[in-house]
Amino acid sequence: MVTEADFAAATRLRLPTRYAFQNRDGVFDASCIGRASAVYPATVVAHRSRGPNFKRLKATTEDGAVYAIDLMVNGFDFTDLDPAGVLRGTDGEVIDGILEVSDARFREVEDSLAEGNRLRAEAHASWRGGINYVSELVAVEGHAARPGLRAPQIGALHAIAAHWSLSKDPAIIVMPTGTGKTEVMLAITVESRGDRILVIVPTDALRQQTADKFREYGLLRKLGIVTDVLNPVVGVLTGKPTAAQFDALRSCNIVVTTMASISRGDENEQKAFAALFSEVFFDEAHHAQATTWNRFSSYCAHARMLLFTATPFREDGKALNGKIIYNYPLQLAQENEFFKPIQFLQVFEPDSSVADLRIAEKAVERLRADLASGLDHMLLARANTIGQAKDLFDNIYSAEFPDLNPVLVHSYTKGREQVLRNIRSGEHRIVICVDMFGEGFDLPQLKVAALHSVHKSLGITLQFIGRFARAADNVGDASFVANTAEDGVPEALESLYQEDADWNNLLSDLSYDAIDPQARLSELVENLQPLEEVATELEISTLTMNPKLSTEVFRVTDFDHTGYANAFRPSQVIYQPIFSQQDKMLVFIVNQEDKVDWTDSRDIVIDTWDLFIAFYDEEEGLLFINSSRKYFAWKLARSLSTDPQPVRDEEVFRAFSNLRRMTLHSVGLTGLSRNVRYQMFAGLDVGDAIDPVLQQDKMKSNVMGVGYEDGKRVSIGCSRKGKIWSLQTDSLAGWRDWCRDLGVKLSNENIEPNDFLKHTLVPELRKGGVLPDEHAMMIDWPDQLFESASFKITVVHGENKYSFHECQLDLVEWTPAGNEFTFKLKAGSEVETVFKMTLVPEGEAQGLFYSIVWVEGPDVSIEAFNKTDLAVDFFTTNPPLVRLADGSQLSGEILLKPREELAEVYDQELIAPLAWGDTLQNQESRWKDGALRPRSIQQKFIEHLERGPSAFIIDDDDAGESADIVAIEDREQTITVTLWHCKYSSGAAPGNRVKDLYEVCGQACWRRPETEPVLQVVPK
């Protein structure tokens, strides 16, 4: 409690906000500010108080006004003072000569709705003068700076005025964080003279912050944008809207709430609530696509609706419901210095146990440097969870940097509002949090960010960075610290977290790449107009249509969109046909009843809805058709053009042009071979299987792959029958742009359709019963096992089962130009069974031109393809693949030969001789029967590696191994993994035996269709 010494030292008094009207019921608070909070010179004395503590005070200001101050006393009678107002509070404290009354408020406030309605009407009438369009000017020689609206604010206001002069449709305003979109909402409120305006925000904290700005027009009075306007009546709704609050709601000029509050009402309550408003503003509108937002916005169709956001896109790919009428790019915000420059400070720490400490040290180092330079900066450490935030606070920031008074803030922090006030006052220089206090939290002093957990969303990342980069007085440039060795950064954000990343350039590029598709969709939707000749309507928003990126393409000389109905029967009902003359694009929906495939009965049908899209690329003379119904594109094409010619066969494979780092996931080939009429290669990466490993005389049937084009990961698939597709879906505008890019490739006759398969193999049927005259490198499992990424194979011996990774195939004997070879199936460490494959001459063949028989070893079975066969029967149906030294491969009686000769010269610089000394070169394994063999090849080679730079050496010698020895070297910028394969001498003494060389080379390309250097450098 305040003492006599306290108030004797007081020379000034802070008066709280005085409301001319306030009506509260616990859910809805309607108020109008009569006078803002301010500090006034005053003398303070005790009033009827006894003892050392004083509960009643009297304050007299310079103009003679008397204020009674009532501390912890209910309803005391101050009539003898005839006060200008009675202040209620819980305590008092004198700070710098100012008497601060805790929780101060005026005791008597007018709460009649009649007064509220009077003030609302007066405020609305005062808006008649509109706003002053005063632009901000910076100081130049001979001329002082002029306060005013920034360029993006002026632009947005004019764009809104232009839009509203023509339309009441929902409109989207895109302004980067920190460019002043709240002031735009305030200014358009006055300029529009709306009868009653609803402002919807995403969070509770932003609700109160926004309401406070509307109560006194934010910065508009200070900037001279509004003059002679009265404060409005502003309502804050914190619960569900009910009829009980509607009279109080009608007394307001502006109501601020969240969608969470509105959604508590039922459908009728929400409709009645929406009917009260002439304008609706959605702030942070990237949240507006949530189901509750969509439903409520449909109830506001009568109102003029504006959606404000810095990022008009959602991570789920859904578009915002509205036309983008203004888009101020991030690049301009940077150029015009609304954003401070950004410096990215990288920490590279692969060790996760110390990574957080390294980030903190780097961030605090920057903070101390900024403070030493006189900058009023603060550091925010971002965590992913409350648990991580507590750990950072307890074990790092409080323990290592107590002088900076770190504080922890999260959604369950006790006294959170007071903590936030302390942060704003500068009491804490380090703040550890999870969610940046929620959207809309504005603290310009936050200029150093320690990212202990990076955001996974591009939109949230841009919002987060924007709050740090905004310009303000006495603050410098923003700094971000992150660990570039951290895994899990989304592909869309990878460029930000790379070494020497320049965020000032990257951010504008990322923002443009994300916003531009939304702008193009908005423009297309504006151009799509309904076709009058079809009366049936279906309310499916074109913004919500996300077709698969697929098409069939036709060469055409004309295009008549009006003929689309000719492709359908009367029983097929067409809905919502729309057409864009500017884009030459047609969209419609067809409903029909389809029979089920398991009965001929007509009593059961499926109600089917299909989307059809047609796009005419006039420049290329191509018609693209997307249909969710199969086998219908050709019929629709004939109804839209005179003589459509389908693009098919080899032409479609031009779609693969310009793809880099391509990985083929599936390749279907058809040919004339009796045994291989159609062959499908599928898996996570079959690129190697068709580079120098497939077949030339086979015809491509369908191909699907993934690669990079213009730095972006894309997928593409083609069918010889004419269909082209991607694995993605996109908006209508995205599909149109995809087709347009595709058309450029299909029309380019200089593109060779076979370029991406130019290293295919030529198939040869071995009818003569003779093996190829080439040395064998290795034997591998049949390719068809790998057609599924989830393939499963098990070798069974008695009661024991061995998984694929416990088994391997080895060549036992191969004689070039012979007629048979033997191979061995090894399962675990005990089971070894030998088989022999013999090529059968044409005259002796009975069906197959080869045979496989058991030679020796235990009988085993193989489980694959959901059945179990004896191993000899399995290999007869699925012959193993033998890879040969010239790059060809033998599968049963089919020899697949490379079209081009492989290079025969190996770079001798890659060959390094070793001094083997007393090594027993007929001993390969380091261990045998549980005993170490110190003179074995592997042991000697491990000793050789131990003298080198390798940090880790792994003895991996076992069935299904990646290599005999794995060495890992940790360099400054890279981690180098080397796979070493060892081969013992097949003779009693060392010699130049080519057979040994081929065998070890075969091991080095184990389960790889080609031989390549086994040294691979993996970036950290």
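Reader: Let us start with threonine 189: is it buried or exposed, and why?
Author: This is a predicted model. In it, threonine 189 counts as buried because its relative accessibility is 1%, and buried means under 20%.

Reader: Where does threonine 189 sit, and what does its side chain reach?
Author: Threonine 189 belongs to helix H4, residues 181-192. Its side chain reaches the backbone oxygen of methionine 185 at 2.7 Å.

Reader: And which residues is threonine 189 in contact with, leaving aside neighbours within four places in sequence?
Author: With those neighbours left aside, the contacts of threonine 189 include Trp127, Phe214 and Phe281.

Reader: Turning to serine 261, which helix is that in, and is it buried or exposed?
Author: Serine 261 is part of helix H8, residues 259-262. With a relative accessible area of 2%, serine 261 is buried.

Reader: What lies 3.4 Å from a polar atom of its side chain?
Author: For serine 261, that is the backbone oxygen of threonine 238. Threonine 238 is also among the residues in contact with serine 261 once neighbours within four places in sequence are left aside, as are Arg207 and Lys240.

Reader: Now the aromatic residues. How many aromatic pairs does the structure hold?
Author: The structure holds 27 aromatic pairs. One of them joins phenylalanine 296 and tyrosine 299, edge-to-face, with 6.5 Å from centre to centre and 85° between the planes.

Reader: Why are phenylalanine 296 and tyrosine 299 separated by about one helical turn?
Author: They are about one helical turn apart because 3 residues separate them in helix H10, residues 291-299. Both phenylalanine 296 and tyrosine 299 are buried.

Reader: What about phenylalanine 568 and phenylalanine 612?
Author: Their ring centres are 5.2 Å apart and their planes lie at 80°, so this pair is edge-to-face. The pair links distant parts of the chain, 44 residues apart: phenylalanine 568 is in the loop between strand E25 (548-555) and strand E26 (573-580), and phenylalanine 612 is in strand E28 (residues 605-617).

Reader: Finally, what pLDDT does the chain average?
Author: The protein chain averages a pLDDT of 82, and 83% of the residues score at least 70. Over residues 671-677, however, the pLDDT is below 50.

Methods: Residues numbered from 1 in each chain as written. Heavy atoms only, no water. Helix = DSSP H or I, 4+ residues; strand = E, 2+ residues; numbered from the N terminus. Buried < 20%, exposed > 50% of the residue type's maximum accessible area, 1.4 Å probe, protein only. Polar contact = N/O pair within 3.5 Å; in protein donor to acceptor, adjacent residues only side chain to side chain. Contact = heavy atoms within 4.5 Å. pLDDT = per-residue confidence, 0-100. Phe/Tyr/Trp six-rings, centres within 6.5 Å; stacked < 30°, edge-to-face > 60°.
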